[in-house]
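Subject: Structure for you to look over

Hello,

Please find the structure below, followed by notes on what turned up in it.

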Amino acid sequence: MIDLPLLLAFAAAASLLTVTPGVDTAIVLRTATLEGRRQAVLAAAGICLGCLAWGVAVSLGLGALLQASELAYTVVKFAGAAYLIWLGSRLLFSPRASFDCPAKTPSAANGQAFWRGLLTNLLNPKVGVFYVTFLPQFVPLGADVAAYSFFLACLHVLLSLAWFAVLTAATIPLGRLLRRPALTRALDRLTGGVLVAFGVRLAASSGA
């Protein structure tokens with residue numbers, strides 16, 4: 001059962017939330033600018049897979065557990081905050097001197113881009129709490145709440161993929177300019193500062 005007006009309302013709200021600048025946008029922008037289209041696609045895939053995993057978890061009841069259990073929420077929250085602060089600190093205090101160093105094998109670079117995106121979302125309990133509180137508002141009367149919530153989560157992932165594709169396409173033409181050593185260091189530090197700020201904000205946030 002699909003309520004078209006309600007579905008369109010969800011698509012509009014989810015689109016606005018998707019394009020709102022955040023840690024996911026920062027990761028995809030930096031990856032596209034300094035590491036190229038392929039790496040940006042892999043980072044975006046990791047981010048969206050993390051969202052999809054939370055969608056599955058919410059449909060199975062884990063989101064409700066995070067909302068109800070202060071201990072479970074706190075454990076995941078601090079794990080996510082620690083990861084963001086660690087990732088951001090590396091960029092902030094050890095920015096690369098240039099795009100071309102240090103040299104890495106394609107497989108290693110691919111794995112890093114994907115896992116960076118995936119862990120950023122998997123270790124953020126706010127994604128699960130967001131899904132469990134936001135999605136039910138758009139479930140039509142009489143529909144299976146778990147199944148329809150997962151459907152909405154999948155729609156959100158598709159919207160995110162579309163947004164990341166736009167970001168990547170817009171950023172790639174500037175890649176050569178932004179790969180200059182001084183700008184590479186500046187972009188690494190800027191992204192690192194954003195990640196650290198989000199990590200601190202996550203750690204300091206209230207419970208579920």
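Asn124 sits in the loop between H6 and H7; helices (H or I, at least four residues) and strands (E, at least two) are DSSP runs, numbered from the N terminus. This is a predicted model, in which local features need pLDDT of at least 70 and side-chain atom pairs count only at pLDDT 80 or more, while totals for chains, interfaces and linings use all residues. Residues are numbered from 1 along each chain as its sequence is written, and side-chain values use heavy atoms, with hydrogens and water left out.

Asn124 counts as buried because its relative accessibility is 16%. Here buried means under 20% relative accessible area, exposed over 50%, and partly exposed in between (1.4 Å probe, protein chains only). Not counting residues up to four places away in sequence, Asn124 touches Trp54 and Leu202, where contact means heavy atoms within 4.5 Å.

Overall fold

The protein has 10 helices and 0 strands, so the pattern along the sequence is α-α-α-α-α-α-α-α-α-α. Of its 208 residues, 43% count as buried. Among contacts between residues at least 6 apart in sequence, 86% join residues at least 24 apart.

H7 and its packing against H5

H7 is mostly covered, with 7 of its 10 residues buried. These are Pro125, Val127, Gly128, Val129, Tyr131, Val132 and Phe134. Helix H5 (residues 70-93) packs with H7 at an angle of about 130°, and their axes are 8 Å apart. Axes are lines fitted to C-alpha atoms, for helices over the stretch in contact, and angles run from 0 to 180 degrees between N-to-C directions. H5 and H7 are therefore oblique to each other: angles under 35 degrees count as roughly parallel, over 145 as roughly antiparallel, 65 to 115 as roughly perpendicular and the rest as oblique.

On the H5 side, Tyr73, Val76 and Lys77 meet Pro125, Lys126 and Val129 of H7. The residues of this contact divide into 4 nonpolar, no polar and 2 charged. For these classes, Ala, Val, Leu, Ile, Met, Phe, Trp, Tyr, Cys and Pro count as nonpolar, Asp, Glu, Lys and Arg as charged, and the others, Gly among them, as polar.

The largest pocket

The largest pocket has a volume of about 840 Å³. Of the 25 residues that line this pocket, the closest to its centre are Leu17, Gly22, Asp24, Asn124 and Val127. A pocket is an open set of points on a 1 Å grid over the protein atoms alone, where a 1.4 Å probe fits, with protein on both sides within 12 Å along at least five of seven lines; lining residues have an atom within 4 Å of a point. Grid points are joined across faces, edges and corners, and the volume is the space filled by probe spheres set on the points.

At least two lining residues come from each of helix H1 (4-19), helix H2 (23-35), helix H3 (37-59), helix H7 (125-134), helix H8 (145-171) and helix H10 (181-204). By class, the lining has 13 nonpolar, 9 polar and 3 charged residues.

Other residues

- Thr120 lies in helix H6 (residues 106-122) and counts as buried, at 3% relative accessibility. Leaving aside neighbours within four places in sequence, Thr120 is in contact with Val23, Asp24, Ile27, Tyr83 and Leu84.
- Ser149 is found in helix H8 and counts as buried, at 6% relative accessibility. Ser149 touches Leu135 and Val139, not counting residues up to four places away in sequence. The C-alpha atoms of Ser149 and Gly55 are separated by 7.5 Å, with the residues 94 apart along the chain.
- Gly36 is in the loop between H2 and H3 and counts as buried, at 9% relative accessibility. Gly36 and Thr168 are 8.5 Å apart in space, C-alpha to C-alpha, and 132 residues apart in sequence.
- Val19 belongs to helix H1 and is partly exposed, with a relative accessible area of 36%. The C-alpha atoms of Val19 and Phe164, 145 residues apart along the chain, are separated by 9.1 Å.

Regards
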